[in-house]
Amino acid sequence: MIQGFRECDGNVVINSDSIRRKRIRQERKKGRKKMADKKVVAIDIGGTAIKSGMWNGRALEEIKETETLAAQGGEALMERVKGIISSYREGFDAIGISTAGEVNTNDGSIYYANSNIPGYTGMPVKKIMEETF
């Protein structure tokens, strides 16, 4: 039997649950932008440089490289990152961050960072970005 259909008294009848689920999926898709249509600020936090750019769905544009100044610590680093993100004036739909250290994927905080960036271990990067942007 074809999925979404059932047989009833020799006739084929459409399964209303399948139709409802399909309509719900279609409605959800209408409200979402395709990833190719989204603008994403891409940030790569390294020990010596913060590299950034704007992904437009096809290519990385407005590429920048900013000194990390890691010795100033985790809080100063987050302020630099927020400033870099704010500099992308055309607006964006999302932020993608790659960072030095180990990330706690459950809450987006820094699980471990070595002493090159003092005070970075425990930094709630995801929370900071969500509250700011």
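1. Trp 55 stands opposite Leu 60 in β5. The two strands involved, β4 and β5 (residues 60-67), pair in the antiparallel sense over 6 bridges; strands pair if DSSP finds at least two bridges between them. Strands here are DSSP runs (E, at least two residues), helices likewise (H or I, at least four), numbered from the N terminus. The hairpin of β4 and β5 has 4 residues between the strands, and Gly 57 in its turn has a positive phi of about 100°.

2. This is a predicted model, in which local features need pLDDT of at least 70 and side-chain atom pairs count only at pLDDT 80 or more, while totals for chains, interfaces and linings use all residues. Residues are numbered from 1 along each chain as its sequence is written, and side-chain values use heavy atoms, with hydrogens and water left out.

3. β3 (residues 40-45) also pairs with β4 in the antiparallel sense, over 6 bridges. A hairpin of 3 residues joins them, and Val 41 stands opposite Met 54 in β4.

4. Strand β4 (residues 49-55) is largely enclosed by the rest of the structure, because 5 of its 7 residues are buried (under 20% relative accessible area; exposed is over 50%, partly exposed in between; 1.4 Å probe, protein chains only).

5. The whole structure holds 1 aromatic pair (ring centres of Phe, Tyr or Trp, its six-membered ring, within 6.5 Å; planes under 30 degrees apart are stacked, over 60 edge-to-face, the rest tilted). Phe 92 and Phe 133 form this edge-to-face pair, 6.0 Å centre to centre with 65° between the planes.
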